[in-house]
Amino acid sequence: MPELPEVEVIRRELLAQLPGRTIEHIACSRHRLRTAIPRQPLQEHILGRSIRTIDRRAKYLLIRLSDGASLVIHLGMSGKLTLVDRRTPRHKHDHLVLSLDDARDLRLNDSRRFGSVVVWPAAHAETAERVFSAGEGVEPFGAEFNEDYLLRIASNRKIPVKALLMHAKLIAGIGNIYANEILFATRIHPLTPACQLKRRDWQKIVTEARRILQQAIDTGGSTIADFLGTSGHPGYFQLQFKVYGRKDAPCTHCRQPIMRTTLAGRATYFCPLCQSTDNCHH
Ligand SMILES: [Zn+2]
């Protein structure tokens with residue numbers, strides 16, 4: 001499942017390609033994604049417009065059009081966007097095809113159909129965006145993501161710190177892989193109740209979250225599961241994970257074998273020595 005860095009990498013690729021292009025034709029499959037594809041609004045509010053810019057909020061791509069409307073895409077579990085020559089044969093799971101004025105298609109392929117496509121018509125785009133944005137957690141690179149905020153949201157929550165980091169309504173874009181890596185970098189055990197962490201721990205989490213996410217963006221996202229870039233090539237540089245997927249491999253810091261457990265159904269990796277539960281009580 002793409003996390004913040006993967007979506008950000010896709011945004012940057014699209015930003016280098018799409019602005020100025022006009023959408024000349026739109027085709028949708030018969031299937032519904034996580035929600036139904038808004039066929040009629042696509043034809044009414046997106047068709048014929050030119051693309052102004054591409055932004056990201058949480059794990060959503062906001063394709064902003066010249067007249068103020070936006071097309072909002074979430075890649076779900078398996079969604080990928082490809083930008084291909086219009087003559088390229090379509091695939092079975094291409095659920096949305098935007099044909100551009102340069103003879104290329106922007107295609108949304110989603111085999112598991114957990115993705116979503118939403119249209120914000122120009123007349124309601126600002127309101128729609130405000131409501132949408134209020135429902136998403138703070139951006140890890142935004143000023144609101146700081147130790148005061150984290151202390152506050154953790155104060156009445158006994159959930160493990162890893163679950164808090166992955167709580168999309170509180171913090172945007174941190175999924176399972178990066179939650180594991182951030183906690184290893186801060187030497188905090190993933191099962192530590194969030195309310196037990198001190199200001200100093202949250203400061204470290206803020207610093208390490210930004211460092212790790214930035215590193216992942218810089219290296220072009222990580223190659224995981226079905227994730228492909230907009231070019232359709234799975235050729236991204238693989239980020240060197242320190243704990244994720246490394247059960248029984250030696251810890252890069254102390255050589256102790258990395259352990260794996262399951263938390264809320266998600267694989268959770270940690271070093272039993274570096275992330276001892278004693279480490280968080282200073
Ligand atoms: Zn270790």
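## Zinc site

Along the chain, the donors of the zinc ion are spaced as C-x2-C-x16-C-x2-C. In this predicted model, where local features need pLDDT of at least 70 and side-chain atom pairs count only at pLDDT 80 or more, totals for chains, interfaces and linings use all residues. Residues are numbered from 1 along each chain as its sequence is written, and side-chain values use heavy atoms, with hydrogens and water left out.

The SG atoms of C251, C254, C271 and C274 coordinate the zinc ion at 2.2 to 2.4 Å. Donors are N, O and S atoms within 2.8 Å of the metal (3.2 Å for Na, K and Ca); water is not among the atoms, so sites may look incomplete. The angles among the 4 donor atoms are 99 to 113°, and the site is tetrahedral (four donors with all angles between 85 and 135 degrees).

C254 lies in the loop between α7 (199-218) and β9 (259-263), and C271 in the segment after β10 (266-270), so the pair ties together parts that are 17 residues apart in sequence. Helices (H or I, at least four residues) and strands (E, at least two) are DSSP runs, numbered from the N terminus. C254 is partly exposed, with a relative accessible area of 25%, whereas C271 is buried at 0%. Buried means under 20% relative accessible area, exposed over 50%, and partly exposed in between (1.4 Å probe, protein chains only).

## The four-stranded sheet

An open sheet of 4 strands runs in the order β2-β3-β4-β8, with antiparallel pairing; two strands pair if DSSP finds at least two bridges between them. The edges are β2 (51-57) and β8 (116-120), each with a single partner strand, so one side of each lacks a neighbour in the sheet. On average, neighbouring strands are turned by 20° against each other, direction ignored.

Helix α1 (residues 4-17) packs on this sheet, touching β2 and β3 (60-65), and its direction makes about 170° with that of β2. Helix α2 (residues 39-46) lies across β3, β4 and β8, at about 45° to β8. Axes are lines fitted to C-alpha atoms, for helices over the stretch in contact, and angles run from 0 to 180 degrees between N-to-C directions.

## Strand β4 and its partners

Strand β4 (residues 70-74) pairs with β8 over 5 bridges in the antiparallel sense; V72 has V118 as its bridge partner, and S70 stands opposite W120. Antiparallel pairing over 5 bridges also joins β3 and β4, with L71 as the bridge partner of I63.

In a regular strand the side chains alternate between the two faces of the sheet. Both faces of β4 are covered: S70, V72 and H74 are buried on one side, L71 and I73 on the other. With 5 of its 5 residues buried, β4 is therefore largely enclosed by the rest of the structure.

## The β3-β4 turn

β3 and β4 form a hairpin with 4 residues between them, and G68 in the turn has a positive phi of about 105°. A69 lies in the loop between these strands and is buried, with a relative accessible area of 0%. Its C-alpha is 4.6 Å from that of P121, 52 residues away in sequence. Residues touched by A69, not counting those up to four places away in sequence, include H45, I46, W120 and P121; contact means heavy atoms within 4.5 Å.

## Nonpolar cores

The largest nonpolar core has 29 residues, and L42, I46, L71 and L81 have the most contacts inside it. Such a core is a set of buried Ala, Val, Leu, Ile, Met, Phe, Trp, Tyr and Cys residues joined through side-chain atoms within 4.5 Å. Another core, of 28 residues, lies apart from it and has L150, I182, I205 and I212 among its members.

Key
Tetrahedral: all angles 85-135°; square planar, octahedral: opposite > 155°, others 65-115°.
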